[in-house]
Amino acid sequence: MTRKALVLFSGGQDSTICLAWALQRYAEVETIGFDYGQRHRVELDCRLKLRSELMANFPWAAHLGPDHLIDLGLLGEISATALTSDAEIAMRDDGLPNTFVPGRNLLFLTLAAAIAYRRGLSVLVGGMCETDFSGYPDCRDETIKALEKATNLGMERDFEFATPLMFIDKAGSWRLAAALGGDAFISLLCEHTHTCYLGSRDRRHAWGYGCGDCPACELRARGYAQWQEERL
Ligand code: ZN
């Protein structure tokens, strides 16, 4: 364990699992988040709480390093989507949900690499997942691999872009979470992470807080139910 990592950490379930994964693998771990005028700031508010809960309750998280929060208001300005405006969440004609922010992950990883360069961190960890229902093209393994190559060429470094969730489904990510931190980590995920597109924290379900009806809640609930079934 000598390598140092930077985790793209939004405060959602997937990036929190990635953070736990990285903390158990790398000598030093820092986090980075982006404020791009999300229409709900709940995820950003969850970030610091999650970091302190992790450090307080899990010995493997004690070495968690600094957090970097980057102001990316310009992303909200140049891309009007259902995540950055008040538009209804819907499917577009091309099959992508209108929550798609074009180029978001490309921008996030490039900026993260610039921070990692400065901080001497060699692994970038992100929760991109190809098996996700939404089919965001910037979550594809091929996209991430190509960007890794472009970044290494353009910065003359040897970064590794690690995506531990790339090929597992939502039930698989709950399974991974349990393997990483047991029941205590599962309850931390349910209590403090946020994934709901509508920013709702009114209702507490078995799988956590959310409206229960938006695509993100449905996906999370379905994965949880599937994982529960497997455990029986
Ligand atoms: Zn929801």
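## Close-up views of a predicted model

**View 1. Ser 173, a buried position in helix H6.** At 3% relative accessibility, Ser 173 counts as buried, because the limit for that class is under 20%. The model is predicted. Ser 173 belongs to helix H6. Helix H6 covers residues 170-192. Neighbours within four places in sequence aside, Ser 173 is in contact with Gln 13, Asp 14, Ile 17, Leu 165 and Ile 168. Among these partners are Gln 13, Asp 14 and Ile 17. Helix H1 spans residues 13-23.

**View 2. The protein chain as a whole.** The chain has 7 helices and 7 strands. Read from the N terminus, the elements follow the order β-α-β-α-β-α-α-β-α-β-α-β-β-α. Of its 232 residues, 52% count as buried. Among contacts with a separation of 6 or more, 67% join residues 24 or more positions apart.

**View 3. The open parallel sheet.** Five strands make up an open sheet, ordered S3-S2-S1-S4-S5, with parallel pairing. Strand S3 (64-71) and strand S5 (160-162) are at the edges. Each has a single partner strand, so one side of each lacks a neighbour in the sheet. From one strand to the next, the twist averages 25°. Helix H1 packs on this sheet. H1 touches strand S1 (4-8), S2, S3, strand S4 (123-125) and S5. The direction of H1 makes about 175° with that of S1.

**View 4. Strand S1 and its two partners.** Is strand S1 largely enclosed or left open by the rest of the structure? S1 is largely enclosed, because 4 of its 5 residues are buried. S1 and S2 run parallel and are joined by 5 bridges. Here Val 7 has Thr 31 in S2 as its bridge partner. The chain passes from S1 through H1 to S2 in a right-handed β-α-β crossover. S1 also pairs with S4, again in the parallel sense, over 3 bridges. In that pairing, Val 7 stands opposite Val 125 in S4.

View 5. S2 (residues 28-35) pairs with S3 in the parallel sense. The pairing has 6 bridges. Val 29 has Leu 64 in S3 as its bridge partner. Strand pairing in general rests on backbone hydrogen bonds, in either a parallel or an antiparallel sense.

**View 6. Thr 31 within strand S2.** Thr 31 is found in S2. Its relative accessible area is 0%, so Thr 31 counts as buried. Leaving aside neighbours within four places in sequence, Thr 31 contacts Leu 6, Val 7, Phe 9, Leu 19, Arg 47, Arg 51, Leu 64, Pro 66, Asp 67 and His 68.

**View 7. The zinc site.** Which residues donate to the zinc ion? The protein donors are the SG atoms of Cys 196, Cys 211, Cys 214 and Cys 217. They lie 2.3 to 2.4 Å from the ion. Why is the arrangement tetrahedral? The 4 donor atoms subtend angles of 107 to 115° around the zinc ion, and all must lie between 85 and 135 degrees for that class, so the arrangement counts as tetrahedral. The ideal value for four tetrahedral donors is 109.5 degrees. In sequence, the donor residues follow the spacing C-x14-C-x2-C-x2-C. Cys 196 and Cys 217 link distant parts of the chain, 21 residues apart. Cys 196 sits in the loop between helix H6 and strand S6 (204-205). Cys 217 sits in helix H7 (residues 215-231). Cys 196 is buried, with a relative accessible area of 7%. Cys 217 is buried as well, at 2% relative accessibility.

View 8. Asp 138 is placed in the loop between S4 and H5. Its relative accessible area of 6% makes Asp 138 buried. The C-alpha atom of Asp 138 is 9.6 Å from that of Val 101. These residues are 37 apart along the chain. Glu 156 lies in the loop between helix H5 (141-155) and S5. Glu 156 is exposed, at 68% relative accessibility. Although not a glycine, Glu 156 has a positive phi of about 50°.

Methods:
Residues are numbered from 1 along each chain as its sequence is written. This is a predicted model: local features need pLDDT of at least 70, side-chain atom pairs count only at pLDDT 80 or more; totals for chains, interfaces and linings use all residues. Side-chain values use heavy atoms; hydrogens and water are left out. Donors are N, O and S atoms within 2.8 Å of the metal (3.2 Å for Na, K and Ca); water is not among the atoms, so sites may look incomplete. Four donors count as tetrahedral if all angles lie between 85 and 135 degrees; four count as square planar and six as octahedral if opposite donors are over 155 degrees apart and all others between 65 and 115; anything else is irregular. Helices (H or I, at least four residues) and strands (E, at least two) are DSSP runs, numbered from the N terminus. Buried means under 20% relative accessible area, exposed over 50%, partly exposed in between (1.4 Å probe, protein chains only). Two strands pair if DSSP finds at least two bridges between them. Axes are lines fitted to C-alpha atoms, for helices over the stretch in contact, and angles run from 0 to 180 degrees between N-to-C directions. Contact means heavy atoms within 4.5 Å. A crossover is right-handed if, with the strands pointing away from the viewer, the path from the first strand over the helix to the second runs clockwise.
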